[in-house]
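Let's take a friendly walk through one structure together. Keep the sequence and the 3D view side by side as you read.

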Amino acid sequence: MRRSLRSLLVATAAASLVVPLWAGTAANAEPPGFSHADKDTLRNQAPRDLAIGSAVWAQRDLLSYDPAAPTELQRVLGAQFSSVTPENDMKWDAIHPAPDVYDFASADALVAFAEANGQEVRGHTLLWHSQNPAWVTAASSTWTCDDARAVLEDHIRTVVGHFKGEIYEWDVANEIFQDNWDAGGVRLRTEANPFLRACADDPVALIGDAFRWAHEADPDAVLFLNDYNAEGINEKTDAYYDLAQRLLADGVPLSGFGAQGHLSLLYGFDTSIQANFERFAALGLKVAVTEADVRIPLLDGETGPTPAQVAEQAARYDAMLVACLNVPACSSFTVWGFPDANSWVPAVFPGEGWATIFEDDFSPKPAFDAMLASLRDATPGISPRRG
Ligand code: G3I
């Protein structure tokens, strides 16, 4: 079990004051008896205090996992990544399909895969306006704030409690701010999010309690705010920065800020990612890139990108990773699934695609090569980031 391994490493290091080369905080440490044949992988080249992750939809890709005969996706996932995030399996509609029904089957399969492959698990997500089950949508139309609080508290205590000790980081609150192009501008989603809507008089109190319930259910998990369009310094991350300060001043066990990292070549690249991470780190928070992908506008009739687009995609993936490497508080860097055939992008952004770091035959793209090179540069044994 990953948490007990982490505890063992910390205890061992503290007792002996000698840190073995494979220790650190154990994000990439291999459990006893576990080894990778190929050492030149993302997970093995990463600093020992930086988890390198991918999302995976367990219901689709892991339920039939046989360690003796992995699929190609499972083989690459196990070989390259030290962390996995359930792309859909821990969301409300999957895990809490009816008021009194919790279904942990596919999420448990993901945790089992992670344990078999010496990986950690990022939990995703507990409070979100999207992918809520029909029963929540229906019931919420008449909720009082107390009703919403009771439903959310039961969900968080049950789900976080079920995975206690198995999850190192939880996205507690996901996408709780609107964007500046939404009606009303950047403000808490007190219309789209059914829980925040029911508690619109004081949504910050509900958000704070969501973190408190999660912390009580698993005191060791690092608890994140998480959002898209949150990489650089902008109006939305200014709002998060204010919220984080307010929550911390109220004693809320907020401990992380995640930038999803969904980029598109249709837009310019924000060069303030490191500065943004540094200001959240200065509050005492961990930071993370939680859902990285870089989508490319594809010309009609073309199946692939141009060489210039391929190079630009690689540069952007690498720039997000390097920003993370340059900030010691950056604890995980996660790509949002692979290969391109599994990407959410074409369904949501018609005309854009090729967003992941692996081709559909699982061959690595230049983006993968760029990231691997940066990880190699950053890692002689224990992370140089920690001095
Ligand atoms: O749940 C049904 C399933 O029962 C059925 O077998 C299947 C048949 O196609 O459909 C399933 O629904 C799918 C759902 O994921 C799974 O719960 C939807 O079709 C699919 O559109 C949906 O998309 C996911 C999307 O979130 C939903 O908002 C994507 O896979 C997932 O990558 C995406 O992830 C989000 C992050 O959670 C938050 N940040 C943005 C990111 C990209 O949108």
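Glu175 is found in the loop between strand 4 (167-174) and helix 9 (194-198). Helices (H or I, at least four residues) and strands (E, at least two) are DSSP runs, numbered from the N terminus. This is a predicted model, in which local features need pLDDT of at least 70 and side-chain atom pairs count only at pLDDT 80 or more, while totals for chains, interfaces and linings use all residues. Residues are numbered from 1 along each chain as its sequence is written, and side-chain values use heavy atoms, with hydrogens and water left out.

Glu175 has a phi near 55°, a positive value in a residue other than glycine. Is Glu175 buried or exposed? Glu175 is buried, because its relative accessible area is 8%; buried means under 20%, exposed over 50% and partly exposed in between (1.4 Å probe, protein chains only). Phe362 also has a positive phi, of about 70°, although it is not a glycine. Look for Phe362 in the loop between strand 10 (352-353) and helix 15 (366-378).

Next come the cis peptide bonds. One runs from His124 to Thr125, with omega near 0°, and Thr125 has its place in strand 3 (residues 120-127). Another joins Phe338 and Pro339, where omega is about -10°; Pro339 belongs to the loop between strand 9 (330-335) and helix 14 (345-348).

Now find His262 in strand 7 (residues 262-264). With a relative accessible area of 15%, His262 is buried. Its side chain makes polar contacts with the side chains of Glu291, at 2.6 Å, and Asp293, at 2.7 Å. A polar contact is a pair of N or O atoms within 3.5 Å; within protein, one must be able to donate a hydrogen and the other to accept it, and residues adjacent in sequence count only if both atoms are side-chain atoms. Leaving aside neighbours within four places in sequence, the residues in contact (heavy atoms within 4.5 Å) with His262 include Trp336 and Trp344.

Finally, turn to the ligand. Of the 16 residues around the ligand (those with a heavy atom within 4 Å of it), Glu87, Lys91, His124, Gln131 and Glu291 come nearest.

| Residue | Ligand atom | Distance |
|---|---|---|
| Glu87 | oxygen | 2.5 Å |
| Asn88 | oxygen | 3.1 Å |
| Gln260 | nitrogen | 3.1 Å |

Taken alone, the ligand exposes 810 Å², and the protein buries 57% of that (areas by the Shrake-Rupley method with a 1.4 Å probe; for residues, only the protein chains shown count as cover).
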